[in-house]
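Thanks for coming, everyone. Let me put the structure on the screen, and then we'll walk through it.

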Amino acid sequence: MTTPSTSVIEAAVYARVSSDAQAQDQTIESQVADLRRRVSDDAAVLQDKNCFLDDGVSGSTLNRPALERLRDAAYVGQFQRLYVHSPDRLARKYAYQVLVVDELQKLGIEIVFLNRAIGVSPEEDLLLQMQGMFAEYERAKIMERSRRGKRHAATRGSVNVLSAAPYGYRYITCREGVGRAAFEIHDAQAAIVRQVFEWVGRDRLSIGEVTRRLTISNATTATGKQWWDRTTVWGMLKIPAYKGSAAFGKTRTGPRRAQLRTQRGRSKAPRRTGSTYDTEVSEQLSIPVPALVSSELFEVVQAQLTENRQRGSESRRGAKYLLQGLLECGQCGYAFYGKPVSRLSAKGKVRNYAYYRCVGTDAYRFGGKRVCDCKQVRTDKLDEAAWNDACELLRHPKLLRKEYERRLAAPRDSNSTVSLKKQIASSKRSVDRLIDAYADGVLDRSEFDPRLQRARERLSKHEEQLHELESESREQSTLREALSCLDSFCATIGTNLEAADWTLRREILRTLINKVMVEPDQIRIVYRINFPLFAKKASKAGKEKVLHFCWRRDVSVTLESVIGRTGSRAGSSRPAIRTLRRRL
């Protein structure tokens, strides 16, 4: 590894902790202190802008805010040496760890792990690779042991496995409860819970009316607020602990859902790699706790909620606004929603438009006091401006072509696939030989089980690596197919944009646009380009030819990496922003 000719070396540090609890306890500070001490001993220079910290972010994904900034800074040569406490802080998956290390080394960055040297000898490199695989294995084992231990405790009726006591209860720790945790009824909150259940189950009140009554009666929430949100009341009515049977395992973690826009107050890069899904009632375990309402009243309330939901579905008219779900306030970060107005104005003219209104300007949502003063926007003018800007982008696809060509230029090692297939075949033969040896009595059960487990782990690891390489190869093939039909696509779509109906326009905008930020003096459109591979044949139904769209959401192109730096690493996710002067 070559070092700069100057005596001063610009250094950078990266630290990470996985859980929110570790972030709150500031355990990341111990890593930073050790890293700063090592930088000082090496006589390197560390600036504040080169401290990259991921608090409470999982190491099983590369989509981390601080890691993204670190890779961008490495590309522009902002530092020459990177200090990391240990390889598992860089990534918990061996493949991701190798990817990041290889990328930084190609950029001339020297990587220093405090607990392990790198590049000193082949033995050191082998030990580093083994440490990365053990880190991934350790993470999987910890998760499995935690899941199995919590489920076993739930079968014994222990409330320790529950995340927290719901509204109406007070959690008694093991120390306070003489070796056993429990839920204790909070009298003041329990009275509010019983009243809410009676209003919905006996009086058939809507959730909106319940929130109004709670606000009038000055009832406080669990956080001490005197105004109630409808989702809070709805969630309260769904808690089974109030009937005396708390449920364990109500949710599970699965693949991350695609989000139309980033939630307010959260970073674009998610901290967790998965999403939460509800489980079936048969999969849940019941834990007895003190009851606040009867089982009969609880079931009546659930039936009432189901009936209300069905009525709401019958009266729901679907999407009525072109940019619904895409608008975000540039001042407070809340979403915009469509606000209908009277069809006739004060002058007697017919109005065929509505207004987009910020949620933060609704005082009733925030205890009678609005949190934002952003002005509302006419729907017809904003819809027209956004549609015209999207059409202009589609008619000038030079940025798209440049981005696709850059991604296609990323190097791919074809020999890795052949090597992995040979290793998979060898691992399968090893498994077969072990089974034959055990069947012939050559190996005892004590020798057979660990060897078979190790062989299957190697096989699983090789198959996973092959799957990743094949996925990359399929993505490359899709990109080439998209690039080959780019010109014909733009020619076809450019002549059909004016003839697109409202539904097609909405689908196009929801695919192209990441979010539309409404600011006091301008409108900013952030694009998320998911290039469509279209059917070349027109629809046979009817006389008019209709362009078919097959939206490929697994192949996304972000315009930031096109209009920003070129030739950088694939996967940069900072989108471009097109600005429209606000004359709406």
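Which residues of H3 are buried? They are Ala-66, Leu-67, Glu-68, Leu-70, Arg-71, Asp-72, Ala-73 and Ala-74. Before I go on, a reminder: this is a predicted model. Back to H3, which spans residues 65–75. That is 8 buried residues out of 11, so the helix is largely enclosed by the rest of the structure. Look at the list again: Glu-68, Arg-71 and Asp-72 are among the buried ones. What covers them? The cover over the buried residues of H3 includes strand E1 (10–16), strand E2 (45–54), strand E3 (81–84) and helix H5 (94–106). After H3 comes Gly-77, with a positive phi near 75°.

Now the whole chain. It has 17 helices and 19 strands. There are 584 residues, and 40% of them are buried. Take contacts between residues at least 6 apart in sequence: 67% of those join residues at least 24 apart.

Next, the aromatics. The count comes to 10 aromatic pairs. I'll show two. Start with Tyr-167 and Trp-228. Their ring centres are 5.7 Å apart and their planes stand at 90°, so this pair is edge-to-face. Where do the two residues sit? Tyr-167 is in the loop between helix H6 (122–155) and strand E5 (169–172). Trp-228 is in the loop between helix H8 (207–216) and helix H9 (230–237). The pair therefore ties together parts that are 61 residues apart in sequence. Both partners are on the buried side of the 20% cut-off: Tyr-167 has 11% relative accessibility, and Trp-228 has 7%.

The second pair is Tyr-169 with Tyr-242. Here the ring centres are 6.1 Å apart and the planes are at 10°, so the pair is stacked. Tyr-169 lies in strand E5, and Tyr-242 lies in the loop between H9 and strand E7 (245–248). So this pair ties together parts 73 residues apart in sequence. Tyr-169 is buried, at 5% relative accessible area. Tyr-242 is buried too, at 0%.

This second pair belongs to a cluster. Ring pairs link Tyr-169, Tyr-171, Phe-183, Phe-197, Tyr-242 and Phe-298. Keep Phe-197 in mind for a moment.

Which helix does H7 pack against, at about 90°? The partner is H9. H7 covers residues 187–201, and the two axes are 11 Å apart. At that angle, H7 counts as roughly perpendicular to H9. From H7, the contact uses Val-193, Val-196, Phe-197 and Val-200. From H9, it uses Val-233, Met-236 and Leu-237. An α-helix has 3.6 residues a turn, so residues three or four places apart point the same way. By class, the H7 contact with H9 has 7 nonpolar residues, no polar ones and no charged ones.

Two charges sit over rings. The charged end of Arg-213 is over the ring of Trp-199, 5.4 Å from its centre. Arg-365 lies over the face of Tyr-337, also at 5.4 Å from the ring centre.

First, Thr-279. Buried or exposed? It is buried, at 14% relative accessibility. Thr-279 sits in the loop between strand E9 (274–278) and strand E10 (285–288). Setting aside neighbours within four places in sequence, Thr-279 contacts Gly-249, Lys-250, Thr-251, Arg-252 and Gln-284.

Then Pro-340. This one is exposed, with a relative accessible area of 55%. Pro-340 is in the loop between strand E12 (336–339) and strand E13 (355–358). Not counting residues up to four places away in sequence, Pro-340 touches Tyr-321 and Ala-354. From Pro-340 to Asn-352 is 12 residues in sequence and 9.8 Å in space, C-alpha to C-alpha.

Finally, Asp-380. This residue is in helix H11, residues 379–395. Asp-380 is partly exposed, at 30% relative accessible area. Asp-380 and Leu-322 are 58 residues apart in sequence, with 9.1 Å between their C-alpha atoms.

That's my tour. Over to you for questions.

How values were computed
Residues numbered from 1 in each chain as written. Predicted model: local features only at pLDDT ≥ 70, side-chain atom pairs only at ≥ 80, totals over all residues. Heavy atoms only, no water. Phe/Tyr/Trp six-rings, centres within 6.5 Å; stacked < 30°, edge-to-face > 60°. Helix = DSSP H or I, 4+ residues; strand = E, 2+ residues; numbered from the N terminus. Buried < 20%, exposed > 50% of the residue type's maximum accessible area, 1.4 Å probe, protein only. Lys NZ or Arg CZ within 6 Å of the ring centre and 35° of its normal. Axes fitted to C-alpha atoms, helices over the stretch in contact; angles between N-to-C directions. Parallel < 35°, antiparallel > 145°, perpendicular 65-115°, else oblique. Contact = heavy atoms within 4.5 Å. Nonpolar A, V, L, I, M, F, W, Y, C, P; charged D, E, K, R; others polar.
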